[in-house]
Amino acid sequence: VSRGWTLAMMAIYWALAILAACITYMVVRRRRPMETRLLAWLSAMVFALVALRTAAPGAPPVGTFLDYYAMFESVGIVAASLVVLMIFYLVDDPSERRPG
């Protein structure tokens, strides 16, 4: 049961990280509008991913298989996506944004 739950957690981590990167890509490429809610969502996700790790079966110590193959990478991808969107928000000209 522990292995199955750990593999499911790894899949969740990777799915959320990939989706965050895809949304960031879509916003930067102007295929989706920039909304400040995205900044709040990604900020909350950074902390939520760390909190989800504490739900791992048996409360394993930091540095386990789950950490090295899913958690560290996914938190890094989400944090990088957040930084990219913050920079994009700061340098983007509001007059060029599509209405919507």
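Start by selecting D67, which you will find in helix 3. Keep in mind as you go that this is a predicted model.

**Stop 1: around D67**

Is D67 buried or exposed? Its relative accessibility is 0%, so D67 counts as buried.

**Stop 2: helix 2 against helix 3**

Next, colour helix 2 (36-53) and helix 3 (65-91). How do these two helices run relative to each other? Their axes come within 9 Å and cross at roughly 165°. An angle over 145 degrees counts as roughly antiparallel, and helix 2 and helix 3 are therefore roughly antiparallel to each other. The crossing of this pair is left-handed.

To look at where they meet, select residues from both sides. From helix 2, pick for example L38, L39, L42 and R53, which are among the residues that meet helix 3. On the helix 3 side, the residues involved include D67, V78, L85 and Y89.

**Stop 3: helix 1 against helix 3**

Bring in helix 1 (2-28). Helix 1 packs with helix 3 at an angle of about 20°, and their axes are 9 Å apart. Angles under 35 degrees count as roughly parallel, so that is how helix 1 and helix 3 are described. Their crossing is left-handed.

**Stop 4: the nonpolar core**

Which residues have the most contacts inside the largest nonpolar core? Select Y13, L66, V78 and L85 to see them; the core has 22 residues. Helix 1, helix 2 and helix 3 are the elements that give two or more residues to this core. Helix 3 gives the most, with eight residues. As background, nonpolar side chains in soluble globular proteins tend to be buried together.

Zoom in on L85 for a moment. Apart from neighbours within four places in sequence, L85 is in contact with T24, V27, M34, L38, L39 and L42.

**Stop 5: Y89**

Finish at Y89, also in helix 3. Y89 has a relative accessible area of 34%, so this residue is partly exposed. For a last exercise, draw a distance between the C-alpha atoms of Y89 and G76: these residues are 13 residues apart along the chain, and the separation is 20 Å.

Methods: Residues are numbered from 1 along each chain as its sequence is written. This is a predicted model: local features need pLDDT of at least 70, side-chain atom pairs count only at pLDDT 80 or more; totals for chains, interfaces and linings use all residues. Side-chain values use heavy atoms; hydrogens and water are left out. A nonpolar core is a set of buried Ala, Val, Leu, Ile, Met, Phe, Trp, Tyr and Cys residues joined through side-chain atoms within 4.5 Å. Buried means under 20% relative accessible area, exposed over 50%, partly exposed in between (1.4 Å probe, protein chains only). Helices (H or I, at least four residues) and strands (E, at least two) are DSSP runs, numbered from the N terminus. Contact means heavy atoms within 4.5 Å. Axes are lines fitted to C-alpha atoms, for helices over the stretch in contact, and angles run from 0 to 180 degrees between N-to-C directions. Angles under 35 degrees count as roughly parallel, over 145 as roughly antiparallel, 65 to 115 as roughly perpendicular and the rest as oblique. A crossing is left-handed if the near helix is turned anticlockwise from the far one by less than a right angle, and right-handed if clockwise.
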